[in-house]
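Subject: Structure for your review

Dear colleague,

I am handing over the structure below, followed by notes on what was found in it. Please read the notes with the structure open beside them.

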Amino acid sequence: MWTLVAVVLVVMSLSFVTAAVGGAVEARLHRGRLRDEAARLGDVRLRSDGREKGEMLVQASIVVAPDPFRRGWANFVRLFGGRIDVWAELAARARQDAELRVRAHARRAGYREVVALRFDQTTLQHGRGENAFIALSVCAYGTARDRAA
Amino acid sequence: MIETYTDNHHNGRVFVIVVNTETVEGMRTVRVLGLVSGSTVRARNVGRDFVAGLRNILGGELPEYTELLQESRNEAVDRMLEHARRLGANAVLGLRFATTSVAAGASEVLVYGTAAVVEPAR
């Protein structure tokens, strides 16, 4: 009996540690990719004022989810209220990724500037009850202008 | 991707300029035809759910859902463009996207804008 409990506890602990470490590694790799992409697409400017005249719509989207460790931590923090950095960081990364994809789309089409940038966000529920998790969908879009020569 | 809509010109369909600004560069708005919209509700399938569930162990991007929502947005834009063509528009100005979860596992994508007739500014 106790052996079984010990095995279950060990398996659960290993899963927890794997999710935590794997999630942290994934987030680190994602941040690295975003830095590289931002450097590569630095010449495509983004503006949100929308006062300039435009030419073509460009858009990109991404769906992201936190790993179980971060999700558990966010649920724990929620008990006390206040700032939930796990979600804030994930949402910021997702927006940055969507933004970079918009820039890449604009560059592929031969443009050097995106004006009137807008975000459309929503949450998606995956599964039900205890096993449900929430994913965040971010769509960035704007009007590309200033076609490169 | 929205840029593929430029191909419509070659397929004998009316080319509609789509922007999310109030004007089009180098063009003037001759006539405003009113609001046009397109929407779609899509649900995930079991296969995508399963793969996304596996990916969720480590968190991060879920490309299956990214692709699904991108397809939904393209479909909604297509419907909006059909609406604009029926009105005789050659441009849609001030486009906006709105997305919401209508049920567990299903999302609605709504896209709307102002249909207009534009012509090159002299």
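In this predicted model, 39 residues of chain B are in contact with 48 residues of chain A, where contact means heavy atoms within 4.5 Å. The area buried between the two chains is about 3,500 Å², with carbon and sulfur atoms giving 51% of that area; buried area here is the accessible area (1.4 Å probe) that two parts lose on being put together, summed over both.

As to conventions, residues are numbered from 1 along each chain as its sequence is written, while chains are lettered from A and ligands numbered from 1 in the order in which they are written. Because the model is predicted, local features need pLDDT of at least 70 and side-chain atom pairs count only at pLDDT 80 or more, whereas totals for chains, interfaces and linings use all residues, and side-chain values use heavy atoms, with hydrogens and water left out.

Across the interface of chain B and chain A the rule finds 2 salt bridges, a salt bridge being a side-chain nitrogen of Lys or Arg within 4 Å of a carboxyl oxygen of Asp or Glu. B:Arg73 forms a salt bridge with A:Asp120, and the closest N and O atoms of that pair are 3.8 Å apart. The elements that give two or more residues to the side of chain B that touches chain A are strand 1 (17-18), helix 1 (46-55), strand 3 (60-61), helix 2 (63-87) and strand 4 (91-103) of chain B; helices (H or I, at least four residues) and strands (E, at least two) are DSSP runs, numbered from the N terminus. Strand 4 of chain B supplies the largest share of that side, 7 residues.

Strand 3 of chain B also runs antiparallel to strand 2 (residues 56-65) of chain A, to which 2 bridges join it, given that two strands pair if DSSP finds at least two bridges between them. Within strand 3 of chain B, B:Gly60 is the bridge partner of A:Ala65.

A search of the whole structure finds 3 aromatic pairs over all chains, where rings of Phe, Tyr and Trp (its six-membered ring) pair if their centres lie within 6.5 Å, and planes under 30 degrees apart count as stacked, over 60 as edge-to-face and the rest as tilted. The rings of A:Tyr141 and B:Phe97 have centres 4.8 Å apart and planes at 85°, so this pair is edge-to-face.

Kind regards
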